Amino acid sequence: MRGGTPTTIRPDVFILSGIYDDLYLACREDSPPLCTSAGKRKLLYPAIAAAAGRIPTILSPQPRGRHGPSAQPARTLVFAGLPQKFCRASGQRKVRILWDMVHYAKHVYQHTTNGALVVVDNYELIYAAALCYCRLRGRRFTVVIDYEDGKHLIDRGVMRLLSSLAEFLIKPMVRGAILATPSLAERLPSSVPHVVVPGILNDDIPVQRRPLIDGPIHLLYSGSLDRERGIPLLLDFLRSSLVPPRVVVEITGQGNYTAEIEFMARQIPDQVR
């Protein structure tokens, strides 16, 4: 308390995420695949830091290499100016997934604090196991889900079962959500507050090539044509009067909205292909 005014104690902030960038890739000799979602999170995570008033620590498992699992030591790096701690990884092929979940759960317990704010990057079983382990050890968090794409809803086979289990375990702990599209809120209890962050624009990125003054502007979407990918938002946009005359939206993919998009392409072939 300062001058008779209560001082607000801000909780520690941790982000459970498998994100990584070129700095991490330079540490690996087995060439993990590029992490295509790093760009958005390099803007999102500092924004979380600004909103929380604390510097988050990113706690990460290590990705597989291109040629299978390989043992990896624990690493401490920096991602978007934030500290990032990677747990060690097992190199045993048949039990790699199980051991990595054990290592990561202990890693999260070791580095987090009781009462912390924990942001979880989507519904993943490795994060669910870590949160459950911490709860069993008596640690309590305020959990916020960074619900980006609902990709776990379009998994098939065993992966669909594991993803459903992760959602089942994490959802009761969620007290807030960061959503990529409004439709993802349907997967959350109505009592959970949420904010929609469909994308982040960085005005400091220089334009590499100026658009043609009089030519068409082509926008390309390639991926699953499902609700979880925000396709209803795209359809609402195409039906609206907001589409500039020179914009042509080219769509490729398959999903629940394939027939609707094909019908729209026949109705307005100059704008949708």
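Predicted model: local features only at pLDDT ≥ 70, side-chain atom pairs only at ≥ 80, totals over all residues.
**Entry 1: the whole chain**

I began with burial: 42% of the 273 residues in the protein are buried, where buried means under 20% relative accessible area, exposed means over 50%, and partly exposed is in between (1.4 Å probe, protein chains only). Residues are numbered from 1 along each chain as its sequence is written, and side-chain values use heavy atoms, with hydrogens and water left out.

Next I looked up the secondary structure, which comes to seven helices and 10 strands. These are DSSP runs numbered from the N terminus, with helices being H or I of at least four residues and strands E of at least two.

I then checked contacts, meaning heavy atoms within 4.5 Å. Among those between residues at least 6 apart in sequence, 70% join residues at least 24 apart.

The accessible surface of the protein comes to about 15,800 Å², and carbon and sulfur atoms hold 57% of that. Areas here come from the Shrake-Rupley method with a 1.4 Å probe, and for residues only the protein chains shown count as cover.

Most residues other than glycine have a negative phi, so I noted the exceptions I came across. A80 is not a glycine, yet its phi is positive, at about 55°. I found A80 in the loop between β3 (75-79) and β4 (82-86), partly exposed at a relative accessible area of 29%.

N122 also has a positive phi, near 70°. This residue sits in the loop between β5 (117-121) and α4 (125-136). Is N122 buried or exposed? I read 3% relative accessibility for N122, which counts as buried.

**Entry 2: E167**

I followed helix α5 (residues 157-170) to E167, which is buried with a relative accessible area of 7%. What does the side chain of E167 make a polar contact with? The partner is the side chain of R187, at 3.0 Å. For the record, a polar contact is a pair of N or O atoms within 3.5 Å; within protein, one must be able to donate a hydrogen and the other to accept it, and residues adjacent in sequence count only if both atoms are side-chain atoms.

**Entry 3: a nonpolar patch**

Last, I looked at W99 in helix α3 (residues 96-111). W99 is partly exposed, with a relative accessible area of 39%. Together with L98 and V102, W99 forms a nonpolar surface patch of about 280 Å² accessible area. Patch residues have over 30% relative accessible area and no salt bridge, with like charges joined within 9 Å and nonpolar side chains (Val, Leu, Ile, Met, Phe, Trp, Tyr) within 5 Å. A salt bridge puts a side-chain nitrogen of Lys or Arg within 4 Å of a carboxyl oxygen of Asp or Glu.
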